[in-house]
Amino acid sequence: MSEYTAEVLWQRGDQDFLANTYSRRHSLRFDGGAEWAGSSSPHVVPLPFSDASAVDPEEAFVASLSSCHMLWFLTMAVKRKFCVDRYFDAATGVMEKNAEGKMAMTVVTLRPEVTFSGENLPTREQIEHMHHRAHEECFIANSVKTEVRCEPRLLGANH
């Protein structure tokens, strides 16, 4: 078993909390020392009470799924001796009412584009298989009720 930690810190300061005019900006700190500015999404709490430049939970959720998938894909590629030069994913998530009538991230769509080099280039079928296996192995995708889709964006002849 492994345990992962994150620290979330919000402080009121001199803001008028009871008037509901406080900033939702906060700090997200991780065990390796990384720190991000966090906030509610401006789609949920209007500006100026949200900070559009900060990471909101919905964005972090999408990024977590995308990052986990990528790390598994890279593992699949290296095991097959395919040299990955670049991996880019423009992932999106949709928040809407779910079947129980609650607001939820109902669909996350990954759109990875992977560039390979070298003499051993994967076929389209091998790329799709590696994405399928990465999705099956992703700890985060295996942890959520959200439907997680993977729609790889295959590049030209070199992949």
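This is a dialogue on reading a predicted model of a protein.

Student: Before we start, what should I keep in mind about the model and its numbering?

Tutor: The model is predicted, so local features need pLDDT of at least 70 and side-chain atom pairs count only at pLDDT 80 or more, while totals for chains, interfaces and linings use all residues. Residues are numbered from 1 along each chain as its sequence is written, and side-chain values use heavy atoms, with hydrogens and water left out.

Student: How many helices and strands are there in the protein, and what pattern does the protein follow along the sequence?

Tutor: Here helices (H or I, at least four residues) and strands (E, at least two) are DSSP runs, numbered from the N terminus. This protein has two helices and eight strands. Their order along the sequence is β-β-β-α-β-β-β-β-α-β.

Student: Is the protein more spread out or less spread out than a compact globule?

Tutor: The radius of gyration is taken over C-alpha atoms, and the globule rule is 2.2 Å times the number of residues to the power 0.38. For 159 residues that rule gives 15 Å, and the protein's radius of gyration is 19 Å, well over that value, so the protein is more spread out than a compact globule. Along the principal axes, the C-alpha atoms fill a box of roughly 65 × 40 × 35 Å.

Student: What percentage of the residues count as buried?

Tutor: Buried means under 20% relative accessible area, exposed means over 50%, and partly exposed is in between (1.4 Å probe, protein chains only). By that scale, 29% of the 159 residues are buried.

Student: And how should I read contacts along the chain?

Tutor: Contact means heavy atoms within 4.5 Å. Of the contacts between residues at least 6 apart in sequence, 53% join residues at least 24 apart. Setting aside neighbours within four places in sequence, E151 is in contact with T109, L110, R111 and P112. The C-alpha atoms of E151 and P112 are 7.0 Å apart, although 39 residues separate the two in sequence.

Student: Which residues is A52 in contact with, leaving aside its neighbours within four places in sequence?

Tutor: A52 is in contact with P42 and L47. A52 sits in the loop between β3 and α1 and counts as exposed at 53% relative accessibility. From C-alpha to C-alpha, A52 is 7.7 Å from S39, which is 13 residues away in sequence.

Student: Where is the cis peptide bond?

Tutor: Look at the bond that joins L47 and P48, where omega is about 5 degrees. P48 belongs to the loop between β3 (35–38) and α1.

Student: What about backbone angles: which residue other than glycine has a positive phi near 65 degrees?

Tutor: That is K81. K81 is in the loop between α1 and β4 (83–89), and its 67% relative accessibility makes it exposed. N20 is another non-glycine residue with a positive phi, of about 60 degrees. N20 lies in the loop between β1 and β2 and is partly exposed at 43% relative accessibility.

Student: How many disulfides does a search of the whole structure find?

Tutor: A disulfide is a pair of cysteine sulfur atoms within 2.5 Å. The search finds zero. C150 is in no disulfide, and the nearest cysteine sulfur, that of C138, is 10 Å away. C138 counts as buried at 1% relative accessibility, whereas C150 is partly exposed at 24%.

Student: How far from C138 is S67, C-alpha to C-alpha?

Tutor: Their C-alpha atoms are separated by 9.3 Å, and the two residues are 71 apart along the chain. S67 is in helix α1 (residues 57–79) and is partly exposed, with a relative accessible area of 35%.

Student: One last topic: how many positive and negative side chains does the protein have?

Tutor: Lys and Arg count as positive and Asp and Glu as negative, while His and the chain ends are not counted. The place of a charge is taken as NZ of Lys, CZ of Arg, CG of Asp or CD of Glu. On that basis there are 16 positive and 22 negative side chains, and the centres of the two sets lie 2 Å apart.
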